[in-house]
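Work through the exercises below with the structure open beside you. Try each task before reading its solution.

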Amino acid sequence: MGILMATCLLALFYGFSCLCKLLLRKRDQACYLLAYECHMPPDDMKLSADSCLKIVSRNRNLGLEEFRFLLKTITHSGIGEETYCARNIIQGREETATLEDELAEMDGIIFDALDKLFAQATSISPSQIDILVVNVSMFSPAPSLSSRIVNRYKMRDDIKSFNLSGMGCSATLIAIDVVQNLFKSHKNANAIVVSTESLAPHWYCGVEKSMMLTNCLFRSGGCAMLLTNNRSLKHQAKLKLNHLVRMHTGSNDEAYNCCIQVEDESGNRGFRLTKYLVKAATQSFTKNLQVLAPKMLPLREILRYLLAYRFNNIRTSFTSQKPKAAGALGLNLKTGIEHFCVHPGGRAIIDGIGKSLGLSDYDVEPSRMALHRFGNTSAAGFWYALGYMEAKKRLKKGNRILMSGFGAGFKCNNIVWEVMKDLDDVNVWKDCIDSYPRDLNQVNPFMEKYGWINDDYLGFVRFDMSLFVIE
């Protein structure tokens with residue numbers, strides 16, 4: 001009897017010790033966002049309707065139909081007149097960008113964001129950074145951009161630095177996943193993530209419509225984030241990472257090729273976006289949610305959805321009706337999420353994701369306004385949208401944020417953040433937040449100034465782009 005009791009006590013002690021180790025390990029794996037800063041380009045890089053037309057008109061290969069296509073795309077893109085473009089493009093050197101142009105563009109964005117980040121997070125200096133992850137998809141010099149940062153801020157010799165390229169618009173979430181995994185083996189560590197994109201040498205100068213889209217959507221911007229797993233800094237944190245799920249559908253040829261860098265028939269390099277892009281985004285997002293939803297939604301919502309799905313299948317087996325799609329059965333993400341940060345990559349993506357998730361105009365407003373004010377800033381776009389939420393004082397302690405992004409390959413990545421305290425910093429929106437939200441259905445400035453290009457009579461005359469230049 002005594003031996004049996006001793007064995008039971010030993011088993012209980014062993015189980016208790018394993019549970020304690022698991023809990024302690026989970027504590028060490030926490031990931032907190034202490035601060036983030038978005039880059040605000042100078043006014044001489046601003047792309048108004050007139051300056052945009054001036055750049056487009058320099059392409060002597062464009063005809064009337066291509067010009068009409070560009071005007072239609074711009075007016076339906078959801079982008080306003082206050083976005084920013086690389087300086088060499090504005091200066092008329094889009095076809096002759098140099099390495100100096102690329103490095104100057106990166107230095108201007110990255111160092112500005114990091115300078116502001118370290119000024120905000122006064123308790124942590126560059127010498128206290130243990131991990132550095134930089135993601136720029138279209139530019140990978142040697143030494144790397146991460147080495148350039150280490151040199152500029154004189155960081156420690158033992159820093160763990162990484163440079164990600166080719167990851168597309170969802171690269172920020174991939175970089176955070178890298179940090180989160182490194183936190184598992186590094187206690188009380190501080191990490192920096194830098195996200196931006198190189199536009200200087202990547203302006204498409206051809207006439208293929210599927211490759212002209214990027215000129216209409218992508219703009220200059222960038223962001224730097226400071227993360228830690230040091231629980232003693234928890235009280236300073238803005239956000240805590242609750243869940244992160246990545247999905248890669250690159251084994252599907254159509255998904256792989258729907259967003260890809262290629263050369264057109266004339267040898268002009270650019271980024272081709274195909275019609276399959278929206279379908280690829282929908283499919284990858286659905287697969288991602290199948291993994292993420294059980295983690296972030298309450299059990300009652302999961303059970304309700306499963307019962308509705310099962311009933312739908314039973315009902316259709318006795319009738320001739322087609323079964324409803326899973327999304328039409330109403331998985332209510334708002335039972336586990338208060339705010340939605342859809343990547344502001346384009347109006348079609350924002351509206352498509354919003355509709356499929358049953359989101360209101362209020363829910364997608366931050367993404368729409370970030371797209372309008374700053375354009376598609378690639379992997380940094382999430383943080384301009386998050387900054388909008390904070391500037392509008394939407395984020396309250398305990399709220400949860402779903403951050404959803406898509407990238408070439410084809411990738412879909414989702415993060416769920418928890419707000420650690422009420423947030424109200426106006427950040428990069430300080431000069432314009434009072435003028436938002438804007439009515440995006442009002443007359444577009446591009447159409448208002450250049451809508452005459454759609455007049456029918458132009459089809460009967462020869463349209464000479466060389467004469468259509470704004471001085």
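The exercises go from the whole chain to single residues, and the model is a predicted one.

**Exercise 1. The whole protein**

Task: State how many helices and strands the protein has, and what share of its residues is buried.

Solution: 
- Start with the elements. The protein has 15 helices and 13 strands.
- Turn to burial. Of the 471 residues, 52% are buried.
- Take the surface next. The protein exposes about 22,400 Å². Carbon and sulfur atoms supply 55% of that area.
- Residues 24 or more positions apart account for 81% of them.

**Exercise 2. Helix α5**

Task: Compare the reach of helix α5 with the expected value, then find which elements its buried residues pack against.

Solution: 
- Helix α5 covers residues 99–120, which is 22 residues.
- From first C-alpha to last, α5 reaches 31 Å.
- List the buried side. Among the buried residues of α5 are Met106, Ile109, Ile110, Ala113, Leu114 and Leu117. Asp101, Glu102 and Glu105 are also buried.
- Recall the helical repeat. An α-helix has 3.6 residues a turn, so residues three or four places apart point the same way.
- Now find the partners. The buried residues of α5 pack against β1 (32–38), α4 (87–90), α6 (145–153), β6 (190–196) and β7 (222–228).

**Exercise 3. The α13 and α14 pair**

Task: Describe how helices α13 and α14 cross, and which residues meet.

Solution: 
- Two packed helices are described by the angle between their axes and the distance between the axes.
- Here the helices are α13 (residues 361–374) and α14 (residues 381–391). Their axes come within 8 Å and cross at roughly 115°.
- The crossing is right-handed.
- From α13 come Glu365, Pro366, Ser367, Met369, Ala370 and Phe374. From α14 come Tyr384, Ala385, Tyr388 and Met389.
- Sort this contact by class. It has eight nonpolar, one polar and one charged residues.
- Check the cover of α14. Eleven of its eleven residues are buried, so α14 is mostly covered.

**Exercise 4. Met369 in detail**

Solution: 
- At 3% relative accessibility, Met369 is buried.
- Tyr388 is in α14.
- The bond from Tyr436 to Pro437 is cis, with omega near 5°. Pro437 lies in the loop between β13 (411–419) and α15 (445–450).
- Met369 and Ile79 are 290 residues apart along the chain, with C-alpha atoms separated by 8.7 Å.

**Exercise 5. Backbone exceptions**

Task: Find where Ser378, Lys393 and Pro143 lie, and describe the backbone at each.

Solution: 
- Begin with the rule. Most residues other than glycine have a negative phi, and most peptide bonds are trans.
- Ser378 is in the loop between α13 and α14. Its phi is positive, about 60°, although Ser378 is not a glycine. Ser378 is buried, with a relative accessible area of 2%.
- Lys393 follows α14 and lies in the loop between α14 and β12 (400–407). Its phi is also positive, about 60°.
- Pro143 is in the loop between β4 (131–135) and α6. The peptide bond from Ala142 to Pro143 is cis, with omega near -5°.

How values were computed. Residues numbered from 1 in each chain as written. Predicted model: local features only at pLDDT ≥ 70, side-chain atom pairs only at ≥ 80, totals over all residues. Heavy atoms only, no water. Helix = DSSP H or I, 4+ residues; strand = E, 2+ residues; numbered from the N terminus. Buried < 20%, exposed > 50% of the residue type's maximum accessible area, 1.4 Å probe, protein only. Contact = heavy atoms within 4.5 Å. Areas by Shrake-Rupley, 256 points an atom, 1.4 Å probe, with all protein chains shown as cover. Expected span 1.5 Å × (residues − 1). Axes fitted to C-alpha atoms, helices over the stretch in contact; angles between N-to-C directions. Left-handed = near helix turned anticlockwise from the far one by under 90°. Nonpolar A, V, L, I, M, F, W, Y, C, P; charged D, E, K, R; others polar.
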